[in-house]
Amino acid sequence: MNFPFPEGWVPPASLSPEALAKIQHDFLEGWQRISKDAADGHLTPLKDRRFAAPAWASSPPHLMMAHLYLLSAEAMSRMVSASAAEPDVKNRLEFSISQWLDALSPANFLATNPEAQAALVDSGGETLVAGMQNLLSDLQKGRITQTDETKFKLGENVATTPGSVVFQNAYFQLLQYAPSTPTVFQRPILLVPPCINKFYILDLQPENSLVRYLVEQGLTVFLMSWRNPLPEESDEMAQATWDDYLEHGILKAIEVTQTISKQPQINALGFCVGGTMLATALAVAAARGEEPVAAVTMLTAMVDFHDTGSLGVFVDEQHAKLREGQIGQGGFMSARELGSTFSFLRPNELVWNYVVSNYLKGETPVAFDLLFWNSDGTNLPGPFFTWYFRHTYLENKLCQPNFLTCCGVPIDMHKVKIPAFIYASREDHIVPWRSAFATLSLFSGDKTFVLGASGHIAGVINPPAKNKRSYWVGTSKADLKDPDKWDQQSVEKPGSWWPTWVEWLSTHSGKRVRAPKQAGRAPYHVLEEAPGSYVKVRAV
C-alpha cells in the first residue's frame, strides 16, 4: 500500500501547549486508573471486538495491555484532532495515525494475543502449522484470503442468472439475460458496473441477485462485463484511455442494446465508477445531439468530486504526477494494489481481522459470496486510470461545464435532460452520500433521490425477501438542492429500496410485450452462455 506522503515529509500542523497539557493530563489519569483497577482485580472486559473473546478477560496482564493500548490510541487520536492544520492535512494525519494504531494492536501478534496462544496450546501446535500454511498460500497469491474461495464457482453458484453473451470486443462482453416472465417491458435496461471490479456484485447468488430480481419483474436486462486486461497479453489495452472506455465501451454497449431490442431509446444504470463513466458517456451523446437513453439510474456514484470521502487522503498533485510518470503512457494499475488500497480504508475489518484468524489462529475463513467478489479485482489501463484520477479526484473538472473534452466533444452534464434516479448509501465511505446527492444539480431532467442504510455495497445489495435495513425517500416538498434539508424532510421506510426503484423504472420502460424467445438479433448473435469468459479471468 502506498501512503500519500513523500519520504521525510512533515505535515504543517501544530498543537497548542494547552491542548497538549490537557491530553497528557487525561492520559496519565487514565493510566493510573487502569493500573489501580488491574492491581485490585477490577479491570472491566472490553467490548472492542478485537479484545472481546473470553481469553482476554481471563488474563489480567493481557486485559491490562489492551486497556492501555486503547488509552494510548485515544490520546494520539485526540492530538491529531486538536492540531491546528488544514482539513486536508488533518485528514491525512488521522488516516496515517489510525493505520499505525490499528497495525500495532496487541491482538495482531501471537506474543500478545491470549486467544491465539490458548488455541495454540489446545491444538497441540496445529494452529501454528495451519497458520503458517495459510500465510505461505497468501504470499503466493499476493493478497490476504478473506473467504473460503473453494466454495464458489462462477456460473455454478455465483453469477447464475440465465443469459447469453451477445457481443464482445477488446473492452467488454455484453450479456443479455433470458426472460422469466411471459411478457416484458418494451424498453430494456443496460447495467454498467464498475470496471474496477467484476460485474457479478449485481448477480451474486439467486437470493441476493439484483439482475435476477429485475428479470423477475419483467425487465429485459443487458449487462456489461468489463474485460480484465493482463500484462502478458499482446494487444493495446495497456494504452487504453478514458475516451476508449466511453466510445468502445459504454456507447457501443448502448448501440448494441438498441439494435437487439429494436428500441431507439433504452434505460441505463451505472454503479460506482460505472456511474461516473455512464454520466460522461451520456454527456458525450448529448453534445453530439443524441439521446439514446430514456432514463438513467446512478447507484453510489460521483460526478461532482468535491468530497471524495476516505479516498481523499491519496489525492494530491504529487501522487497524480507519480502515477502519470509510471503508467500514464502505458501499463496497468494493478488489481492487487487497488484491492490493497480499498482494504486499508477499513483495515480492522478487511486486513487485521484476517491476519489474526488466518495466521495466528490457523482458521479457514467462512464462505461469503460478497468477500469472494471483493477478492476478484481487475487491472486498469494506466492512461485510463491517470486521466480519471487527475480530472475527477484531483481537479474535479467533470462537473464543470465545457472544461473537459471527451471523445472529441466538450462535456456539459447539464445537457443530460432525462429523468434520473439517484441512489446513495448513508454510511458509504467510498462515495459519501452528499457527493452522490450533488449529481441532482448537474442533470437537468426530472430527478428522484433515495438514501439507503448501510454502506457502499451492503446498502445496494439489499434484496426485498430478506427484509433488512431501511431507506429514506423525500416528501413532495423535499429540497433537491440542499442534502441536509432533504435529509430533514425525508421519510424512513423499512426494508429494501429495490421495489421503489423498480416502480419508478417501470414508468419509463414502455408497455408490456411478449418476451423474446431467443437472445440477440442480427448482426449480434449468441457467442456463449452467461456469465461469459471475460469475467473468469483473474488478476490476483
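Which side chains meet in a salt bridge at 3.3 Å, N to O? They are those of Lys22 and Asp26, where a salt bridge is a side-chain nitrogen of Lys or Arg within 4 Å of a carboxyl oxygen of Asp or Glu. The structure is a predicted model, in which local features need pLDDT of at least 70 and side-chain atom pairs count only at pLDDT 80 or more, while totals for chains, interfaces and linings use all residues. Residues are numbered from 1 along each chain as its sequence is written, and side-chain values use heavy atoms, with hydrogens and water left out.

Both Lys22 and Asp26 belong to helix 1 (residues 17-40), where they stand four residues apart, about one turn of the helix; helices are DSSP runs of H or I with at least four residues, numbered from the N terminus. Lys22 counts as partly exposed because its relative accessibility is 47%, and Asp26 is partly exposed with 21%, given that buried means under 20% relative accessible area, exposed over 50%, and partly exposed in between (1.4 Å probe, protein chains only).

Helix 1 holds another such pair, Lys36 and Asp40, which are also four residues apart and so separated by about one helical turn. The closest N and O atoms of their salt bridge are 2.9 Å apart. Lys36 is exposed, because its relative accessible area is 54%, whereas Asp40, at 39%, counts as partly exposed.

In helix 10 (residues 317-327), Glu317 and Lys321 are likewise four residues apart, and their salt bridge has its closest N and O atoms 3.9 Å apart. Glu317 is partly exposed at 33% relative accessibility, while Lys321 is exposed at 52%. The structure holds 25 salt bridges in total.

We turn next to a pocket. The second largest pocket has a volume of about 410 Å³, and 19 residues line it, with Asp88, Asn91, Thr308, Gly312 and Val313 lying nearest its centre. A pocket here is found on a 1 Å grid over the protein atoms alone, as an open set of points where a 1.4 Å probe fits, with protein on both sides within 12 Å along at least five of seven lines, and lining residues have an atom within 4 Å of a point. Helix 4 (87-103) gives the most to this lining, with five residues.

Definitions and conventions. Helices (H or I, at least four residues) and strands (E, at least two) are DSSP runs, numbered from the N terminus. Grid points are joined across faces, edges and corners, and a volume is the space filled by probe spheres set on the points.
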